[in-house]
Amino acid sequence: QMANLKIYEGDNAGAEEAFIAALDDDPRNALGLKQYGRFLFNNGRVEQGMELINAAVEIDPYSVRVLWEQCQTNAYLQRVELALPACERIKEISPESPSGWYGWGLTHSLNGDMARASYGFTEAIKRDPGDFEMIAAMGFYWVTMGDAEQAELLLQRAEAIGAGQPFPIIGRLRLLKYREQHNLAYDLAAKTLTQNIENRHGSHQILRQIWAYESARTGDFQAALKPFRESMPWAFEPELRLPEGFALRSGDAIQVAGLLKLADPISERPEQLLEAVEAVSGQQHPAWGIWASDIDNAAVATIRGDYETALQYLNNAWDKKFRFMWRETLVEDAIFSQLKNEPGFKDLVARLETDMEQQRVLAYELLELEK
């Protein structure tokens, strides 16, 4: 409990001391090992964290909570051969739990298989039909695969259960963007940013990025920067002083650098932020696939005007099975929109569209949908 309190307070050093003290008293506490392992994993000490999570599974191989951590972390690292057995074990131990199916879907998702991910998430929803976040997330996947009709059906379900909550709102924003209903997306993003909604699974960062895109596409870069000025004022102060835990904010820092560069091409601050991001490379949260660093590097290169290098990184991400939320990341993003006229970028988007068309067909078959 003390460790969790320290994490909430942003005191990582204190949290680690609390974890170590608790495990000194009870070194075979599987849940304690699992939590400390995930703490290390989240803070860039991936292999050390995985060792503790695996040790927790050896101590308590029947704990769904422990197995879930093993499944999820290996999914993030795209270690399919390790993630799926942990997910299957959960399904054997607790057939009615959504966790095994959710992990199964996540594993396939981060390895580029949106169709099987959708099947896994659908099975998870059957076991927990009130989980509006999972239902909204399924809407995200249908947008990724290019089916607005299926996304709409799921979002209506999510909104009926969780109206006003972050995930249904973000799902609606993503669908509005996909449908190119930009005025509606702009208004909803503006309204939501003033409501101080709960930050669920990075929803604040997503909202800022959506607002940035909708503002930047009209050329209003100062408006695009407004929520970043409020959430991370240190990035705009005359002397750049990086906050504790900057590595975990590097995604926002890249976004700010890109918007500042567009707003003021001769400003020195964008390059200062990009150099700070490069200095913490490898310390970021390893979630969302081994291709995530390639996406960040591509964004950095794009901001610097090095489009050739940016495209090399994006093709590396493609090779590493980057498909997850590719529309939002590439096509509907304030930074990567600068690449839209590059032949190599057009080719990559065309490959992704073709891949999604094929995956839609498979998803319809797996889910027995008439199309």
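User: Which residues does Asn-111 touch, not counting residues up to four places away in sequence?
Analyst: Asn-111 touches Gln-78, Val-80 and Lys-321. Contact here means heavy atoms within 4.5 Å. Just so you know, this is a predicted model, where local features need pLDDT of at least 70, side-chain atom pairs count only at pLDDT 80 or more, and totals for chains, interfaces and linings use all residues. Residues are numbered from 1 along each chain as its sequence is written, and side-chain values use heavy atoms, with hydrogens and water left out.

User: OK, and where is Asn-111?
Analyst: Asn-111 sits in the loop between α7 (99–110) and α8 (114–127). The helix labels come from DSSP runs numbered from the N terminus: helices are H or I with at least four residues, and strands are E with at least two.

User: What does the side chain of Asn-111 reach?
Analyst: The backbone oxygen of Thr-107, at 2.9 Å. For polar contacts, the rule is a pair of N or O atoms within 3.5 Å; within protein, one must be able to donate a hydrogen and the other to accept it, and residues adjacent in sequence count only if both atoms are side-chain atoms.

User: Switching to Gln-70. Is Gln-70 buried or exposed?
Analyst: Gln-70 counts as buried because its relative accessibility is 15%. Buried means under 20% relative accessible area, exposed means over 50%, and partly exposed is in between (1.4 Å probe, protein chains only). Gln-70 lies in helix α5, residues 64–76.

User: What is Gln-70 in contact with?
Analyst: Leaving aside neighbours within four places in sequence, Gln-70 is in contact with Ile-53, Asn-54, Val-57 and Ala-86. With Asn-54 there is also a polar contact, side chain to side chain, at 3.0 Å.

User: Now Arg-323. Where is that one?
Analyst: Arg-323 is in the loop between α18 (307–319) and α19. At 7% relative accessibility, Arg-323 counts as buried. A polar atom of its side chain lies 3.2 Å from the backbone oxygen of Trp-318.

User: What else does Arg-323 touch, not counting residues up to four places away in sequence?
Analyst: Trp-318 is on that list too, along with Gly-112, Met-114, Thr-144, Leu-352, Asp-355 and Met-356. Asp-355 is 32 residues away from Arg-323 along the chain, with 8.9 Å between their C-alpha atoms.

User: Salt bridges next. How many does a search of the whole structure find?
Analyst: The search finds 26. A salt bridge is a side-chain nitrogen of Lys or Arg within 4 Å of a carboxyl oxygen of Asp or Glu.

User: Which residue does Glu-353 form a salt bridge with?
Analyst: Its partner is Arg-327, and the closest N and O atoms are 2.8 Å apart. Glu-353 lies in helix α20 and Arg-327 in helix α19, so this pair ties together parts that are 26 residues apart in sequence. Glu-353 counts as partly exposed at 32% relative accessibility, while Arg-327 counts as buried at 5%.

User: And what about Asp-252?
Analyst: Asp-252 forms a salt bridge with Arg-249, with the closest N and O atoms 3.6 Å apart. Asp-252 is buried at 2% relative accessibility, and Arg-249 is partly exposed at 26%.

User: Where do Asp-347 and Arg-351 lie?
Analyst: Both lie in helix α20, four residues apart, which is about one turn of the helix. Asp-347 counts as partly exposed at 40% relative accessibility, and Arg-351 counts as partly exposed at 24%.

User: Last topic: pockets. How much space lies in the second largest pocket?
Analyst: About 520 Å³. A pocket is found on a 1 Å grid over the protein atoms alone, as an open set of points where a 1.4 Å probe fits, with protein on both sides within 12 Å along at least five of seven lines; lining residues have an atom within 4 Å of a point. Grid points are joined across faces, edges and corners, and the volume is the space filled by probe spheres set on the points.

User: Which residues are closest to the centre of the second largest pocket?
Analyst: Of the 23 residues that line the pocket, Tyr-213, Val-331, Glu-332, Ser-337 and Lys-340 are the closest to its centre. Helices α11 (166–178), α13 (203–216), α19 (326–331) and α20 (343–366) each supply at least two lining residues.
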